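Please open the structure in a viewer and keep the selection tool at hand.

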Amino acid sequence: MSSLFQYRPLFSVQLLIDYYLTEEAGLYQNTPENLMEDVLENQVNTYNIERDLYIEPIDTTKKLLKDNRLIFKRNSRGFFVSGQVSPLGSDLFTPFIPLDEPFSLQFAVYIQNPYFYNFTNVRLESDLENKDQFIYYFSNRVNNVVNNETLYLSSPVSDFNDSYAYEASEIFIDADALPNPIMLEAIENNGPGAFNADNWREIFEDINPLFQFVTNTDRIVSKPSIFKINVENVAEEILAFFINDHNGNLVKRINCRTPDTGTPLIECELNLRELNSGRYHLEVQDIIGNPLPELSLTFFMDDNIYRQRPFAIIECFHEPDGSLGAYRWLDQNNQNHLLSPEYTIRWKNRATWWRYYYETAPDLTSSVLENLDPNVNSPNNRILISTSPLALTQIGREIPVILGNGDSQLFPNPDIQMIYPENGRIYSELNMGGGLGPPE
């Protein structure tokens with residue numbers, strides 16, 4: 001009888017970045033000698049997420065893995081968790097240690113590449129440095145299944161929200177568009193306000209079903225186990241704070257009362273030390289039970305995570321009752337054999353306006369570029385700009401021009417090292433002999 005332990009994947013997570021893995025047709029290398037399908041296959045084969053993101057289990061998860069004889073392993077697309085198993089026959093396996101109790105595994109994601117924000121469409125928002133500390137949160141409770149196949153850990157891309165301030169490169173999905181939903185991308189900052197088609201462009205017109213990308217919906221606040229919340233704007237003397245867990249169950253109530261009668265509260269301290277690390281939702285009521293939605297908060301609470309400030313947390317739950325549906329790890333209807341689901345997190349590549357700087361006005365024509373100012377006496381006459389934002393890709397894209405002598409030429413693509421937010425748009429720039437910088 002063999003004494004070797006057998007391990008099989010319990011679940012896996014792939015983290016995909018469209019800057020490397022774009023499926024856009026007609027990019028730079030699509031020639032008879034170098035077919036796009038071959039280029040894309042090479043991109044997939046050479047993809048390595050650790051160029052940009054580093055994932056590791058948090059300390060409490062490391063103990064859970066050990067106690068349940070589970071192993072965490074990184075790979076080029078993300079990571080997987082394997083468990084020691086017992087064979088059931090017909091290539092079916094069940095965990096060697098029965099996973100009879102619910103638990104969750106939490107993984108911290110750290111940015112390795114300082115240009116990650118440049119080539120993905122993650123919100124920039126440099127003005128948030130002195131405000132709340134944010135973290136992206138991904139979970140297998142999100143129920144975002146596409147085409148009965150792809151199990152996303154990010155929230156579904158939302159519809160247009162007229163109360164939200166969109167940043168250039170952000171997206172939404174118009175689910176009511178016929179015959180199929182469409183995805184639109186902001187070409188510049190806009191909102192809050194009514195939808196204006198001039199601020200948007202349709203993308204992925206030939207893709208069905210549409211991808212689900214990480215958006216601002218996936219971002220929540222990171223908090224330590226003891227924190228203060230400013231309540232001055234509601235002008236109340238007594239407040240009740242209700243902390244609910246991921247299932248919506250009340251796990252703690254905290255009452256806060258002003259020490260000076262007749263003086264409204266300014267801030268309240270919340271002590272959550274007895275709660276486990278995880279995602280919570282805070283709701284607040286006044287003395288007669290009226291909700292105060294302006295104080296509501298979704299947050300991830302963990303002292304170490306708050307100090308270490310990872311970019312994201314991935315939390316994968318196990319529920320022995322099978323309530324996670326397609327996201328569950330085990331088949332409760334068939335001897336708890338392993339289902340080994342593959343989860344997906346996907347980032348869209350950033351689209352920027354491309355500007356080319358010449359020393360003097362260039363003599364050329366292009367369907368992709370236009371002169372920033374056709375007035376021959378304007379200093380901006382020497383600057384070419386793309387007619388719409390162009391998505392950055394590692395592959396590169398064709399920028400064809402016809403020179404004044406009739407020759408055709410392909411223009412270079414910008415580097416990812418620098419992007420330039422300016423007047424609500426985001427630019428990439430190339431020096432063609434005339435320097436860089438915003439137009440005069």
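The stops below concern a core, a helix and a strand.

This is a predicted model, in which local features need pLDDT of at least 70, side-chain atom pairs count only at pLDDT 80 or more, and totals for chains, interfaces and linings use all residues. Residues are numbered from 1 along each chain as its sequence is written, and side-chain values use heavy atoms, with hydrogens and water left out.

**The core.** Select Phe-11, Val-13, Ile-314 and Trp-347, which have the most contacts inside the largest nonpolar core, a set of 69 residues. A nonpolar core consists of buried Ala, Val, Leu, Ile, Met, Phe, Trp, Tyr and Cys residues joined through side-chain atoms within 4.5 Å; buried means under 20% relative accessible area and exposed over 50%, with partly exposed in between (1.4 Å probe, protein chains only).

**Helix H2.** Next, select residues 36-45, which form helix H2; its buried residues are Met-36, Val-39 and Gln-43. These lie on the same side of H2 because they cover an arc of only 60° around the axis, taken from the directions from the helix axis to the C-beta atoms. Glu-37 and Asn-45 are exposed on the face turned away from the buried side of H2. Helices (H or I, at least four residues) and strands (E, at least two) are DSSP runs, numbered from the N terminus.

**Strand S20.** Finally, select residues 312-318, strand S20, where 7 of 7 residues are buried. Strand S6 (residues 103-111) pairs with S20 in the antiparallel sense over 7 bridges; pairing requires that DSSP finds at least two bridges between two strands. Strand S7 (residues 134-139) runs parallel to S20, joined by 4 bridges, and Phe-138 stands opposite Ile-314 in S20.
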